Amino acid sequence: MSGTYLLRNGVLVDVHVSAAREIRVLEDGAVAWEGDRIVAAGSVSELARRFGDAEVVDAQGGMILPGFVNLHHHFYSALARGLDPGVQTTTFHEVLDRLWWRLDRALDPDTVSLSAALSAADCVRWGCTTVFDHHASPSCIGGSLDLIAGAMETAGLSAVLCYEVTDRNGHAEALAGIEENIRFLESRSSGRVRGVFGLHASFTLREGTLAEIARQRPPGSGCHVHVGEDPIDVVASVEAFGAGPVERLVHHGLLDDRALLAHGIHLDADAYETIGRHGATLTHNPESNANNGVGRLDVGEASSHGCVVGLGTDGMSSAMLRALRAAFLAHRAGRGDPSAGFDVIPRLLKNNILVARRFLDEPLLGDLVPGAPADIVVVDTRAPTPVTATNIFGHLVYGASEAPVRHTIARGRVLLKDGVHTTIDPAELAERARAVAPALWRRFAALPWGTSFLGE
């Protein structure tokens with residue numbers, strides 16, 4: 001995109017700003033950008049004088065925010081909507097074994113690519129401009145991350161991708177997963193789509209596999225892994241290996257400031273302190289946790305032990321403001337305190353930004369300031385009461401989280417304009433998906449459950 005663009009007529013909220021700056025709110029806000037960088041942000045009157053010849057994008061009174069970051073997604077779940085596992089699931093282990101571990105085995109290159117494209121369309125629809133995905137497709141490992149990367153690039157999103165290494169389908173497939181991660185990491189050392197090393201969870205990873213990952217993992221690549229989502233991860237790890245999931249990561253040198261630990265619900269104080277000491281990030285996924293009945297991460301407790309806590313959706317959706325609202329309400333419900341949450345939950349979106357900066361080498365990502373990436377979202381909400389720096393979180397949770405997105409702009413490219421996608425066609429994707437889903441579901445139905453955690 002060339003030339004200068006001016007987004008105007010909205011409430012400018014610079015909510016993900018760097019620690020050294022205060023949150024600012026401008027009722028008559030505007031943002032100007034050229035190419036993929038912001039060149040100015042301020043009042044409409046000021047920017048209109050400076051950029052009188054710019055092409056105008058009208059916020060129509062909506063809330064102007066930095067583009068959202070999702071720290072934990074599962075694109076491959078896109079074709080699971082309405083899928084009946086054909087057998088009752090009453091525990092988290094059964095949900096994994098009878099639903100997700102069969103679905104991922106049923107995926108082929110076409111459905112991997114299509115699932116990613118559908119998820120990308122959903123990200124754009126909800127203003128998510130940077131997303132961290134955790135992928136699994138045991139029947140299509142080699143090249144799977146390139147298929148997903150292609151969907152991200154077509155949509156215009158920034159992404160950090162990985163393949164989920166696991167021994168549950170045998171050690172040969174674990175080695176293939178390692179190879180896919182390394183291949184992708186080495187081919188994507190720069191740009192807007194990059195890699196991180198992916199692992200499933202401790203209870204499905206043998207010692208030899210973790211040792212091999214530690215040996216082969218490129219320096220500084222980080223790892224993206226499920227930790228303590230359900231008690232089974234801790235119990236089965238201790239039974240099989242004599243150590244919990246966090247201890248095992250430390251033992252193999254995999255816990256560092258680029259480690260992304262999804263969930264972290266069923267951990268003790270020592271584990272949280274270890275995570276905090278190593279600078280790793282816990283990703284809270286409140287909607288998925290509620291859906292799976294696994295409990296909730298006590299964000300306050302984890303934070304009190306030094307953990308940096310971010311926010312994800314775990315494949316449930318791509319709506320980050322809705323996830324923020326879910327995190328806030330779950331925190332209050334869990335504490336039994338209608339005054340709780342304002343001390344820790346507002347940090348989640350900011351922590352997502354700080355993590356994304358680290359992986360994408362963008363020190364100003366998430367700031368609406370000159371030189372920052374032009375990742376901007378307009379939420380179509382018109383506040384009925386004053387919006388200030390001190391009450392903005394209340395407006396996000398109680399108002400904006402229920403509103404649609406009007407515009408999504410990623411690196412200066414308008415991906416959603418007045419609610420209409422410009423880079424991909426969701427209707428065409430849905431039509432394609434309805435055509436291929438029956439065959440995928442038939443493959444799923446033909447696959448047995450009863451997968452061993454550590455393979456044969």
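Me: In which sense do strand 2 and strand 3 pair, and over how many bridges?

Reply: Strands (E, at least two residues) and helices (H or I, at least four) are DSSP runs, numbered from the N terminus. Two strands pair if DSSP finds at least two bridges between them. Here strand 2 and strand 3 (residues 37-43) pair in the antiparallel sense over six bridges; Val31 has Ala41 in strand 3 as its bridge partner. The two strands form a hairpin with two residues between them, and Gly35 in the turn has a positive phi of about 60°. On its other pairing, strand 2 (residues 24-34) joins strand 1 (residues 4-14), again antiparallel, over nine bridges. There Leu7 stands opposite Val31.

Me: What kind of model is this, and how are its residues numbered?

Reply: It is a predicted model, in which local features need pLDDT of at least 70 and side-chain atom pairs count only at pLDDT 80 or more, while totals for chains, interfaces and linings use all residues. Residues are numbered from 1 along each chain as its sequence is written, and side-chain values use heavy atoms, with hydrogens and water left out.

Me: In what order do the four strands of the open sheet stand?

Reply: The order is 6-7-8-9, with parallel pairing. Strand 6 (68-73) and strand 9 (193-195) are at the edges with a single partner strand each, so one side of each lacks a neighbour in the sheet. Neighbouring strands are turned by 15° against each other on average, direction ignored. Within this sheet, three bridges join strand 7 (residues 128-133) to strand 8 (residues 158-161), and Val131 stands opposite Ala159.

Me: Which strands stand at the edges of the five-stranded open sheet?

Reply: That sheet has the order 10-11-12-13-14 and parallel pairing. Its edges are strand 10 (197-201) and strand 14 (308-311), each with a single partner strand, so one side of each is left without a neighbour. The twist averages 25° from one strand to the next. Four bridges join strand 10 to strand 11, with Gly198 paired to His224.

Me: At what angle do helix 3 and helix 15 pack?

Reply: Two packed helices are described by the angle between their axes and the distance between the axes. Axes are lines fitted to C-alpha atoms, for helices over the stretch in contact, and angles run from 0 to 180 degrees between N-to-C directions. Helix 3 (residues 109-125) and helix 15 (residues 426-446) pack at about 140°, with their axes 10 Å apart. They are therefore oblique to each other (under 35 degrees is roughly parallel, over 145 roughly antiparallel, 65 to 115 roughly perpendicular, the rest oblique).

Me: Which residues line the largest cavity?

Reply: Rolling a probe the size of a water molecule over the atoms shows where empty space is left. On a 1 Å grid over the protein atoms alone, a cavity is a set of points where a 1.4 Å probe fits but cannot get out; lining residues have an atom within 4 Å of a point. The lining of the largest cavity comprises Ala201, Ser202, Leu205, Leu210, Val225, His226, Val227, Pro245, Arg248 and Leu249. Strand 11 (223-227) and helix 8 (245-251) each supply at least two of the lining residues.

Conventions. 1 Å grid on protein atoms, 1.4 Å probe; cavity = no way out; pocket = protein on both sides within 12 Å on 5 of 7 lines; lining within 4 Å.
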